[in-house]
Amino acid sequence: MDTPLIILGTGMAGLGLARQWRARNPERPLTLITADSGDDYSKPLLSTGFAKGLPPERLAQRSAIEVADQLRAVVRTRTRVTAIDPEAHCLWIGEERLDYGQLVLATGAVPRPPFAISEELVGRVFTINDLDDYRAFQGALATLGRPARVAIIGSGLVGCEFANDLHAGGHLVDLIAPEPAPLARLLPAPLGRALGEAMAEAGITLHMGRLLTTLAAEPRGVVLTLDDGRCLDADLVLVATGLVPRTELAAAAGLTTSPEGIVTDRYLATSAADIHALGDVACVAGVNAMYVQPLQAAARALAATLSGTPTPVSYGPWPVLVKTPLLPVVSLPPHQVPAQWRIEGEGRDLTARAEDADGRLIGFALTGAAVKRKVELARVAPPLLV
């Protein structure tokens, strides 16, 4: 087959698939296209680098050139695909046409700021979703030449991890969110409050149950006004209010999409022949799991499928490890509303079992010393996708 496999995206999903596929197909042509630098790095490490003072080049394991050599592939960086034609089996980069034999969309997800970032706020308000973003934010910190006052908007996984990491790096952190406690989507309220207390004791200032009403650039930084009238001064603002799958290109090509991503079956196949989707952009049999283990399982399965061995993907009961050393947290969020949370433990060493109406375990959350129960509870929890 002369027409290549083309993978859009060189994040963990795209590169993970490329490695798995190349091991099975040593000679077939392979092209990877990415809108960023194409460097090979581990995205979870982005929220651990500020405490360690790691420059962007330390996070990158390989450059795009090294990736191309390793995979014997064409890697096109800083390149945006403008259209896909499923019937003609081609895609377009401006006026340039590229034919594909098989196409994989591994375009990931993008931050969802709750407000437009005006021109005067550029360089002061950031999101961090890839190595380029990390590079830009670290550059802004370095320009200050002193510990920064950083306001983080959002107390989900990303917001809490960056709050912990920036605090450990010596910066002053304000955490702002409308929920009553951190990690509201991953933890029941008592465990979220335990995390919030650990953060507050360490010196992170929490503004829970608060909305941001205005954000204004000032000569010396940014002023944030909250819905209770308080004003906060910050040098930099980090927006961590969630991610949305990058589905625009797929939708414009006529592929079936939903708010959860590009719709695929268990074989990662989209509604168009020879087009698959993988990673944060994919909603697999109704499930979009934006975590490392489901991504890796999907890459293995899709590499086999694309190599002629159709392989449905399965997701196990894989807990999420939250990188908040101030209070260790593990969560296996239930995929239905639990009938109850059964909480036990003392102080901040808490175990919360999510149970259905029949008392069956459907998820759990652990904090402090209780995280050692992760393996025990995962063994009896239901898989995410059988």
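Mentor: Let us start with the idea of pairing, since a sheet is read from it: two strands pair if DSSP finds at least two bridges between them. Keep in mind that this is a predicted model.

Trainee: What is the order of the strands in the open sheet of five strands?

Mentor: The order is E5-E2-E1-E9-E22, and the pairing is parallel. Strand E5 (74-76) and strand E22 (275-277) stand at the edges with a single partner strand each, so one side of each is left without a neighbour in the sheet. On average, and with direction ignored, neighbouring strands of this sheet are turned by 15 degrees against each other.

Trainee: Which strands pair with E12?

Mentor: Strand E13 (residues 172-177) runs parallel to E12 and is joined to it by five bridges, with Arg149 standing opposite Leu172 in E13. Strand E18 (residues 236-239) also pairs with E12 in the parallel sense, over four bridges, and here Ile153 stands opposite Val239.

Trainee: Which helix belongs with E12 and E13 in a β-α-β unit?

Mentor: That is helix H6, residues 157-168, and the unit that E12, H6 and E13 make is right-handed.

Trainee: Is strand E12 mostly covered or mostly open?

Mentor: Taking buried as under 20% relative accessible area, strand E12 (residues 149-153) is mostly covered, with four of its five residues buried.

Technical notes:
Residues numbered from 1 in each chain as written. Predicted model: local features only at pLDDT ≥ 70, side-chain atom pairs only at ≥ 80, totals over all residues. Heavy atoms only, no water. Buried < 20%, exposed > 50% of the residue type's maximum accessible area, 1.4 Å probe, protein only. Helix = DSSP H or I, 4+ residues; strand = E, 2+ residues; numbered from the N terminus. Right-handed = clockwise from strand over helix to strand, strands pointing away. Axes fitted to C-alpha atoms, helices over the stretch in contact; angles between N-to-C directions.
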